[in-house]
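Please open the structure in your viewer and keep the sequence beside it.

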Amino acid sequence: MELNKGALAYVPASVTLYQFGVQDYASSLMDVRKYCITTEPANVLVLEGTDQAGNNNGYPSTQHYHKVLYRGEVWFAPAASLYSATES
């Protein structure tokens, strides 16, 4: 689902959100600094649209993320786990 900056999104319970540290350029992986598993459904604000948390030597990673605001902190949420919170 395509969510743009400023959109309100719905995240169900039991979704893992991530905060990434410094990228390991040697392996092209992102270092997970902190994670959070949602305990109940919530609405989040999309801060950046579809983003990749890492890449595989120039090829897109298999997991796409949205940068979101959840409980006053910035997190990366898997795009497949977010739904539009507004009616179409």
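How many bridges join strand β7 to strand β8? Select residues 64-70 (β7) and residues 73-78 (β8): six bridges join these antiparallel strands. Strands are DSSP runs of E with at least two residues, numbered from the N terminus, and two strands pair if DSSP finds at least two bridges between them.

The model is predicted: local features need pLDDT of at least 70, side-chain atom pairs count only at pLDDT 80 or more, and totals for chains, interfaces and linings use all residues. Residues are numbered from 1 along each chain as its sequence is written, and side-chain values use heavy atoms, with hydrogens and water left out.

Next, select the turn. β7 and β8 form a hairpin with two residues between them, and R71 in the turn has a positive phi of about 50°. On the strands, K67 stands opposite F76 of β8.

Now display the aromatic rings. The structure holds five aromatic pairs (ring centres of Phe, Tyr or the six-membered ring of Trp within 6.5 Å; planes under 30 degrees apart are stacked, over 60 edge-to-face, the rest tilted). One of them, Y18 with Y65, is edge-to-face, at 6.0 Å centre to centre and 85° between the planes. Y18 lies in β2 (residues 16-24) and Y65 in β7, so this pair ties together parts 47 residues apart in sequence.

Select F20 and F76 next: their pair is tilted, with 5.3 Å centre to centre and 50° between the planes. F20 belongs to β2 and F76 to β8, so parts 56 residues apart in sequence are tied together. Finally, show Y18, F20, Y65 and F76 together: ring pairs link them into a cluster.

Key: Helices (H or I, at least four residues) and strands (E, at least two) are DSSP runs, numbered from the N terminus.
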